[in-house]
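Look at the sequence and the structure first.

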Amino acid sequence: MKPARAAWLAVVLLLPVALLNYLDRQMLASMKFSVMADIPTIATEANWGRMLGQFKWVYAFLSPVGGYLADRFGRRHTICASLFVWSAVTWATGHVTSYDGLLLTRSLMGISEAFYIPAALALIADHHVGPTRSRAVGLHQMAIYCGVIVGGFGGFVADSPSLGWRWAFGACGVAGMAYALPLAFLLRDAPGSAIATTGPGSSLVRTARELLTNRSFILLVLYFTLPALAGWVVRDWMPAILKQQFGIGQGLAGVSATLYWQVAAILGALSGGWLADRWMRRHERGRIFVSAIGMSLIVPAVFGVGHAGTLAVAVAFLVLFGLGWGFFDANNMPILCQVVRPTQRATGYGVMNMVSISGGGFADWGFGAMRDARVPIDAIFGAFSGVAVVSVVLVLLIRPRPELTRELPSERGPAVRRSH
């Protein structure tokens, strides 16, 4: 198979995995009221927030481990094992009967899912060297947004007397386990990719030292983390927020909180990936500039969601948020490829996940506690908007490493401009 065809086949094979990766998470948010009614030991909003945070903290802690294993031993095995295990845990989630049981399954879900995203994005970056990298990552992220969209309909499934939330978790778990088997035979690591080395350059200590002394990598970690505080609250709490703010049903709230902004995120990821790949032909910071544009859209979007007086206005600002998020999300791994060596991509993304999702866990828990304390929504989202402003500044301070940019000779024509 020709390299270009193999590169796109790898992305296509990962699309169902990415969809399931976020569908299995998002369903719980859209089924919140059904789950809490069925498991009364959850009891409070703070406990619900703690449960959401529990998944993120476990996921975050193990993301660098999953990334390092993918860098050291190969992406394909890491991806397939992760899919099978988290799907088994998804199935088990549909059988829990207590809050402690739910905490346990969400923790196990965090362990298993932590290994997927760093390995998958690194595998895509290995296959797509140069002019298609942002588009390929954007297409993969599109499947994630589709998973969130499908998960947003979970409220209707949970409300259905003939189905219910337990059936949904069981069905998704079986589907994931079934797909893991053919995926193991069809998916391949990129030919000649710089992974699975055994020399001192791949040691955990050296990898950590290189990453933590890399100024641009630290800036990227902060940039990746700060907007995610609002992002996780939007994903996990927006169905409940819309239901309570505007007095609508659980099903409509789940769809309104996910469908429109995720469709916008799909458009943002595809157009932002295309624009970034085009801009890279003329400037080595093209992907950074596109990501900064996306973050600039998130600033008014988050502020507007918190101050919306009607459901229509809230949805409109969520659409703007989704468009900006797509620009941002499609370019994080491609920017990472410009600041860290190929043998550290999955580990680097794992570290980014660790810091970002840890913050997201505290944001979920803190948001639940603030809602119990009746802190106004507009004040909370106003603070998130200010954080997004800081993020725009951070990404513009990132400087690509020239030797890593030169790795992509086919990407940049003779008119390319360098930063000084």
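In this predicted model, salt bridges link D71, R75, D126 and R345 into a network. One of the pairs is R345 with D126, with 3.1 Å between the closest N and O atoms. This pair joins distant parts of the chain: R345 lies in helix α16 (residues 345-372) and D126 in helix α6 (residues 116-127), 219 residues apart. R345 is buried, at 2% relative accessible area. D126 is buried too, because its 10% falls under the 20% cut-off.

Across the whole structure, a search finds eight salt bridges.

| Salt bridge | N to O distance |
|---|---|
| R341 and E210 | 3.1 Å |
| D38 and R166 | 3.0 Å |

R341 sits in the loop between α15 (332-337) and α16, and E210 in helix α10 (residues 204-212), 131 residues apart. R341 is partly exposed, at 23% relative accessibility. E210 is partly exposed, with a relative accessible area of 23%.

D38 and R166 form a salt bridge. The pair connects helix α2, which holds D38, with helix α9 (residues 165-186), which holds R166; 128 residues separate them. D38 is partly exposed at 37%. R166 is partly exposed at 26%.

Helix α2 (residues 32-38) also holds S34. Is S34 buried or exposed? S34 is buried, with a relative accessible area of 14%. Beyond its neighbours within four places in sequence, S34 contacts A158, D159, W165 and Q250.

Methods. Residues numbered from 1 in each chain as written. Predicted model: local features only at pLDDT ≥ 70, side-chain atom pairs only at ≥ 80, totals over all residues. Heavy atoms only, no water. Helix = DSSP H or I, 4+ residues; strand = E, 2+ residues; numbered from the N terminus. Buried < 20%, exposed > 50% of the residue type's maximum accessible area, 1.4 Å probe, protein only. Contact = heavy atoms within 4.5 Å. Salt bridge = Lys/Arg side-chain N within 4 Å of Asp/Glu carboxyl O.
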